[in-house]
Amino acid sequence: MRSAVRLLVGAMLGVGAVGAVACHRKVETQGAEAPSNARTTVKVENQGFADMTIYVLSGGQRIRLGLATGNQTSTFTIPSFLVGGLTPLRFLADPVGSSRAPVSDEITVKPGDEVTLTIPPS
């Protein structure tokens with residue numbers, strides 16, 4: 001079984017405002033269940049102009065995944081030590097040169113999942 005998790009991170013206008021965040025989980029069955037060491041990824045659809053540094057948040061840790069360039073789609077691997085069984089995670093999109101940094105809702109991710117994070121234009 002392979003799951004696809006879709007998140008939407010939105011930014012409200014204003015100085016220091018944290019954006020509205022919506023989460024949608026879609027499960028797709030594709031044969032057998034993924035092994036516990038399967039690659040877990042996050043696909044970032046950055047529809048805005050600003051480049052975003054993407055972090056995964058887990059248990060008080062903030063781990064940098066990479067830079068999502070504006071108006072492009074980027075894919076990052078979530079470190080395997082963060083994904084064991086069903087793991088609750090959040091994602092933070094920190095725009096380069098700005099003080100706002102929207103955070104997603106907490107979602108449960110398991111090995112082999114593909115998370116899609118959509119950053120709409122602001």
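Select Ser58 and show what surrounds it: leaving out residues up to four places away in sequence, Ser58 touches Leu82, Thr87, Pro88 and Leu89. The model is predicted. Colour by strand and Ser58 falls in strand E4, which covers residues 52-58. Is Ser58 buried or exposed? Its relative accessibility is 14%, and because buried means under 20%, Ser58 counts as buried.

Next, select residues 87-95, which make up strand E7, and pick out Arg90 within that strand. Arg90 has 35% relative accessibility and therefore counts as partly exposed.

Now zoom in on the Arg90 side chain. Which residue places its backbone oxygen 3.1 Å from a polar atom of that side chain? Select Ser104; the backbone oxygen there is the one in question.

Then draw a distance from the C-alpha of Arg90 to the C-alpha of Ile107. The value is 6.5 Å, although the two residues are 17 apart in sequence.

Finally, zoom out to the whole protein chain. Cartoon view gives 9 strands and 0 helices, so the pattern along the sequence reads β-β-β-β-β-β-β-β-β. The chain has 122 residues, of which 42% count as buried. Among contacts between residues at least 6 apart in sequence, 62% join residues at least 24 apart. Switch to a surface: the chain exposes about 6400 Å², and carbon and sulfur atoms supply 52% of that area.

Terms used. Residues are numbered from 1 along each chain as its sequence is written. This is a predicted model: local features need pLDDT of at least 70, side-chain atom pairs count only at pLDDT 80 or more; totals for chains, interfaces and linings use all residues. Side-chain values use heavy atoms; hydrogens and water are left out. Helices (H or I, at least four residues) and strands (E, at least two) are DSSP runs, numbered from the N terminus. Buried means under 20% relative accessible area, exposed over 50%, partly exposed in between (1.4 Å probe, protein chains only). A polar contact is a pair of N or O atoms within 3.5 Å; within protein, one must be able to donate a hydrogen and the other to accept it, and residues adjacent in sequence count only if both atoms are side-chain atoms. Contact means heavy atoms within 4.5 Å. Accessible areas come from the Shrake-Rupley method with a 1.4 Å probe; for residues, only the protein chains shown count as cover.
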